[in-house]
Amino acid sequence: MPLEAFAESRALTLGVELELQIVDAHDYDLSHGARDLLRLAARRRLPGEVKPEMTDSMIELSTGVCSDYAGILAHLRESRDVLVECATKLNIGLSGGGTHPFQDWSQRRIFDTPRFHMLSELYGYLSKQFTVFGQHVHVGCPGPDAALVLLHGLSRFIPHFVALSASSPFVQGTDTGFHSARLNSVFAFPLSGRAPFALTWDEFTRFFDKMTRTGVVQSMKDFYWDIRPKPEFGTIEVRVLDTPLTIEKAAALAAYIQCVARWLSFEQPFRPAEDDYLVYTFNRFQACRFGFDGTFVDPQTGEHHTIRDDITQTLAAIEHHAIELGAEDACRRVRDDIGALGNDATWIRDTFEREQLLPEVVRQQCLRWSR
Amino acid sequence: MTGDNRSDLFFLPSWPPTPDVLLWVSLTIVLAGLLGEFVFRSLKLPRVVGYAAVGTAISAFGAGIGSAALAPGLRLIVDLGLSLLLFELGARINLRWLRANPWLLANSLVESVLSFAAVHLTLVWLGTESRVAAAVASILVATSPAVVMRVASEFNASGQVTERMIVLTGLNTFYAVLASKFVVGWLHAEFVGSWFRTIAHPLYLLAGSAVVAALLAWCVSLIARRLDLRNENSALLLLGMILLALSLTKMANLSTLLVPLLAGTMLRNSTERPWVWPRHFGTAGGALVLLLFVITGSVWSMDALMTGAALGMAAILSRLAAKILATAALGRPSGISMRQALALGVALMPISGAALVMMADLQAIYPAFAAQMTGIVFSAVAVLELLGPIAVQAALRYVNEDKLR
């Protein structure tokens with residue numbers, strides 16, 4: 001299948017997809033309520049979409065195309081309220097979080113569609129272990145070349161997005177020590193990681209054709225990159241975020257990405273280069289493992305500081321753009337998080353410390369998601 | 001000097017050796033364990049079918065309970081096994097769910113009233129005396145909590161049908177306990193003339209059982225605050241608490257069904273914190289549950305079948321139709337598909353230990369009247385003891401809610 005043409009979209013528009021956990025209200029383990037929830041939600045009107053995901057303990061909700069933080073928040077709130085109402089009727093819980101803290105992956109069931117069964121055949125236990133929950137943020141781009149430039153520009157900030165959204169410290173009942181253990185599951189896939197360094201759509205098409213000729217991929221869907229172009233929508237899609245525990249944080253993260261994107265497009269503070277990727281995996285690992293305390297190596301200067309400091313500097317740089325985009329509230333949230341509040345992974349650890357019972361932690365996650 | 005006039009080989013056992021109760025009990029456990037595993041592995045059926053089959057075989061050799069009252073020793077085992085399962089079941093009844101989804105409560109009420117009416121009408125139509133029919137119908141409102149809990153946990157089932165089956169079973173068991181006491185008391189009042197007794201008995205049961213249940217729930221929550229219930233020792237402690245409450249219940253002449261059921265429900269609804277403990281509270285509880293199924297499997301006798309089999313079958317079928325009708329009618333408004341609603345109706349079919357206990361309670365207070373019911377009730381129990389678990393399993397499989405295959 002040839003690479004489809006890059007659709008038109010208004011620059012810097014936003015769209016958010018959130019993968020959610022469906023849990024049993026009895027023991028707070030993952031439960032397979034996707035089909036029931038989708039059936040009830042289908043009777044209601046939603047601003048975006050609700051779709052099944054790989055396993056039937058997961059659903060994905062998406063917003064429509066929005067221009068700013070307020071729009072995203074309104075869409076998410078409306079969908080969230082409807083879904084929570086349906087879930088209450090079924091006595092199941094909905095929760096954010098990049099991983100379910102104690103689910104047993106061998107118990108997961110693949111949602112019954114041909115594509116999901118095909119993927120399950122191909123990846124074996126990885127597909128069930130891939131029961132992880134992410135937030136994807138789409139940013140609209142005026143054209144394909146601009147999309148690729150923005151993609152490689154945003155790569156520098158991947159550690160910010162990881163540390164801010166991290167909400168998956170526990171896997172299979174144990175504290176992994178990571179802030180985002182979810183990404184470790186993603187890295188196991190052969191086509192994960194960074195996109196190839198191509199700054200024009202022609203160059204990118206050549207890469208894509210070469211890859212399809214090898215038979216390794218058929219479509220853009222087969223790439224699990226941290227940021228990938230989505231020609232169908234005319235957007236680039238940031239995929240490294242864990243699903244946060246609240247819709248407010250999900251909206252704030254989308255707005256932060258939008259502000260950084262506006263700053264990069266308007267002021268061009270950096271010239272993207274292949275050498276930026278020398279420190280890429282190091283920085284990303286630091287963010288996954290240590291959150292805001294992780295080390296950030298500046299790809300241009302080679303200077304070391306914490307991810308927290310780098311976010312602080314970035315917040316200062318994008319201040320003007322935040323005002324233009326109506327994202328001051330969102331940036332204030334980000335500032336609070338890197339300050340005293342901490343990310344959701346820290347909240348999950350603190351809650352576990354207090355309660356000593358992972359099902360109770362999940363219950364409180366459900367509460368945070370519902371209000 | 002008087003010598004020991006016993007033989008030189010006095011230490012040898014007498015021949016033939018005399019078996020004691022221990023031998024029979026242990027043989028039963030071994031046999032039931034083996035047969036349970038056999039039906040699970042080769043026939044892919046729930047293990048409890050194997051346990052019950054051992055009981056059925058015992059009865060076939062004439063060693064069953066027949067229509068006599070349950071012997072105190074056996075009654076104790078039944079009470080113990082059932083109270084564990086009822087407590088587990090109660091702990092899964094989330095009253096907030098009923099408030100959030102009133103259609104589910106409607107489903108429960110309609111399902112119970114329809115079952116009662118269907119069984120009563122069928123039996124009367126087939127020539128049973130109306131009073132007997134009403135008493136039987138009130139007992140048969142209840143779905144077997146033992147079978148439902150056991151099959152659900154054996155297949156690690158979860159989903160809408162599983163959850164609703166558990167909640168509806170808890171509720172209809174609750175109605176049945178009160179209704180059977182009320183109906184029989186009322187019938188009695190027609191003869192003896194004490195209306196006070198008719199009302200007072202179910203009221204005493206409800207209020208008294210609620211008090212003991214609250215006490216148990218409170219103690220368990222105290223323990224749970226300090227200890228991890230998933231740990232084996234705390235699970236044993238929990239088991240001990242339930243048994244202690246059971247002995248209090250018996251001393252106070254309260255319902256051994258209501259106390260654990262209410263205690264579990266109170267615990268679940270007293271706090272939103274999830275409760276997690278090992279299934280049946282570990283191995284000790286597991287052995288009790290096994291014996292429970294063997295005993296309930298052994299209630300039938302040729303005599304009982306002769307008098308009650310046809311009526312029992314008719315009651316089972318009309319009851320099944322009523323339950324399916326109710327769940328099918330209220331499925332969509334309560335949020336499940338037609339397929340799930342049908343499965344739910346079938347899953348509510350089992351009758352077992354709880355019916356036996358309600359029968360035994362009636363036998364104790366109104367022996368002459370109860371004797372007219374045993375044929376029908378015991379036949380129904382005998383049949384559904386084997387078919388009930390299979391029906392639940394089939395229903396859960398039909399909607400893909402059994403995780404172990």
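What you see is a predicted model, in which local features need pLDDT of at least 70, side-chain atom pairs count only at pLDDT 80 or more, and totals for chains, interfaces and linings use all residues. Residues are numbered from 1 along each chain as its sequence is written, while chains are lettered from A and ligands numbered from 1 in the order in which they are written. The predictor gives the complex an ipTM of 0.85 and a pTM of 0.89. Chain B has a mean pLDDT of 87, with 95% of its residues at 70 or more; pLDDT is the predictor's confidence in each residue, on a scale from 0 to 100. Where pLDDT is low, the predicted coordinates should not be read in detail.

A residue is called buried if 20 or more other C-beta atoms lie within 10 Å of its own, exposed if 12 or fewer do, and partly exposed in between, with C-beta atoms placed from the backbone. A nonpolar core is a set of buried Ala, Val, Leu, Ile, Met, Phe, Trp, Tyr and Cys residues joined through C-beta atoms within 7 Å. The largest such core holds 128 residues, and the members that touch the most others are Val136(B), Ala347(B) and Ala355(B). Its biggest contributor is helix 16 of chain B (residues 367–398), which gives 13 residues. Helices (H or I, at least four residues) and strands (E, at least two) are DSSP runs, numbered from the N terminus. A second, separate core has 99 residues, including Phe6(A), Val137(A), Ala251(A) and Leu325(A).

Two residues are in contact if their C-beta atoms, placed from the backbone, lie within 7 Å. Leaving aside neighbours within four places in sequence, Val136(B) is in contact with Val119(B), Leu123(B), Ala315(B), Met373(B), Ile376(B) and Val377(B).

Where do the two chains meet? The contact takes 18 residues from chain A and 17 residues from chain B. On the side of chain A that touches chain B, the elements giving two or more residues are helix 1 (34–41), helix 2 (69–89) and helix 15 (358–370). The residues on that side of chain A divide into 5 nonpolar, 6 polar and 7 charged. Here Ala, Val, Leu, Ile, Met, Phe, Trp, Tyr, Cys and Pro count as nonpolar, Asp, Glu, Lys and Arg as charged, and the others, Gly among them, as polar.

Helix 15 of chain A also contains Val361(A). Is Val361(A) buried or exposed? It counts as buried because it has 26 C-beta neighbours inside 10 Å. Beyond four places in sequence, Val361(A) is in contact with Pro101(A), Ile348(A), Thr351(A), Phe352(A) and Glu355(A).

Two other helices of chain A show how helices can cross. Helix 6 (residues 158–165) and helix 11 (residues 307–317) of chain A pack at an angle of about 110 degrees, their axes 10 Å apart. Axes are lines fitted to C-alpha atoms, for helices over the stretch in contact, and angles run from 0 to 180 degrees between N-to-C directions. Helix 6 and helix 11 of chain A are therefore roughly perpendicular to each other, a label for angles of 65 to 115 degrees, whereas those under 35 count as roughly parallel, over 145 as roughly antiparallel and the rest as oblique. Pro159(A), His160(A) and Ala163(A) of helix 6 meet Ile307(A), Asp310(A), Ile311(A) and Thr314(A) of helix 11 in chain A.

Helix 3 of chain A (residues 114–123) is hardly covered, with a count of 1 buried residue among its 10 residues. After helix 3 of chain A comes Gly124(A), whose phi is positive, near 60 degrees.

Most residues other than glycine have a negative phi. Asn91(A), although not a glycine, has a positive phi of about 55 degrees, and its place is in the loop between helix 2 and strand 4 (92–95) of chain A. Asn91(A) counts as buried because it has 24 C-beta neighbours inside 10 Å. In chain B, Asn156(B) also has a positive phi, near 55 degrees, and lies in the loop between helix 7 (145–154) and helix 8. With 13 C-beta neighbours inside 10 Å, Asn156(B) counts as partly exposed.
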